[in-house]
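Have the model open as you read.

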Amino acid sequence: MSIAKSLPGQWPIFILQGLVAIIFAAITWLSPQLTINVLIFIFAAFFLLDGGSRVWLALKQKGQNGYWFVTLIAGLLGIVAAIITLIMPQLTAYVMLYLIAFWAVAIGVTEIVAAVKLAKHLQGTTLILISGILSVLFGGYLIFNPGQGIIAMLWLVALYAFVFGLILCWLGVKLRTLKKQFD
């Protein structure tokens, strides 16, 4: 069966995913602090689950693997990260913010350098240059305004989720129309 015939039958999934993304965006816009708390809790749960499973795996490998202690250390560090995340959620939020900020600056600088070097050989590098400048500005904003940066970042994520949700809903409606044509 081709994708053109099987995908239209999946239209409700696209609409459901779109609605979930739109609801997530609305919750994020209306209650950014709740969103931050939930995300931090999810990170803590992941660290705890990952760390616990690594400790279990290390203990299970103890007699079979000479490097089992490396897995044990990684697992214990994961558990410690979970505890720190739960005890100091603000610290976790700021560490994540600064990682994103420095990543954005690094990506931006790389794009600016690439745009300048490619401009000699290729036309149309202006968008790469603009993207690089925007990345550096975004990263700089996060670095110098961390409190507002977290909220701004959440608003951008919410905007993305909202637009993504609208697109998925639109696709679901189009697929439903296509399914009616096949029926």
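By class, the residues lining the largest pocket come out as 11 nonpolar, no polar and no charged. Here Ala, Val, Leu, Ile, Met, Phe, Trp, Tyr, Cys and Pro count as nonpolar, Asp, Glu, Lys and Arg as charged, and the others, Gly among them, as polar. Keep in mind that this is a predicted model, where local features need pLDDT of at least 70, side-chain atom pairs count only at pLDDT 80 or more, and totals for chains, interfaces and linings use all residues. Residues are numbered from 1 along each chain as its sequence is written, and side-chain values use heavy atoms, with hydrogens and water left out.

The volume of that largest pocket is about 190 Å³, taken as the space filled by probe spheres set on grid points joined across faces, edges and corners. A pocket is an open set of points on a 1 Å grid over the protein atoms alone, where a 1.4 Å probe fits, with protein on both sides within 12 Å along at least five of seven lines; lining residues have an atom within 4 Å of a point. Among the lining residues are Ile36, Ile40, Ala93, Leu97, Met153 and Leu154. Helix 3, helix 5 (89-119) and helix 7 (146-182) each give at least two residues to the lining; helices are DSSP runs of H or I, at least four residues, numbered from the N terminus.

The second largest pocket has a volume of about 160 Å³. Phe43, Phe47, Ile84, Leu91, Thr92, Val95, Met96 and Leu99 line this one, with helix 3 and helix 5 as the elements giving two or more residues. Helix 5 has the largest share, 5 residues. The class tally is 7 nonpolar, 1 polar and no charged.

Now for the packing. The largest nonpolar core has 10 residues, including Ile36, Ala93, Ala101, Leu142 and Leu154; such a core is a set of buried Ala, Val, Leu, Ile, Met, Phe, Trp, Tyr and Cys residues joined through side-chain atoms within 4.5 Å. Helix 3, helix 5, helix 6 (126-144) and helix 7 each supply at least two of its residues. Beyond four places in sequence, Ala101 touches Gly139, Leu142 and Ile143, contact meaning heavy atoms within 4.5 Å.

Finally, look at Thr35 in helix 3 (residues 32-61). Is Thr35 buried or exposed? Its relative accessibility is 6%, so Thr35 counts as buried, the cut-off being under 20% relative accessible area with a 1.4 Å probe, protein chains only. A polar atom of the Thr35 side chain lies 3.2 Å from the backbone oxygen of Ser31. Leaving aside neighbours within four places in sequence, Thr35 is in contact with Phe24, Ile27, Thr28 and Leu154.

How values were computed:
Buried means under 20% relative accessible area, exposed over 50%, partly exposed in between (1.4 Å probe, protein chains only). A polar contact is a pair of N or O atoms within 3.5 Å; within protein, one must be able to donate a hydrogen and the other to accept it, and residues adjacent in sequence count only if both atoms are side-chain atoms.
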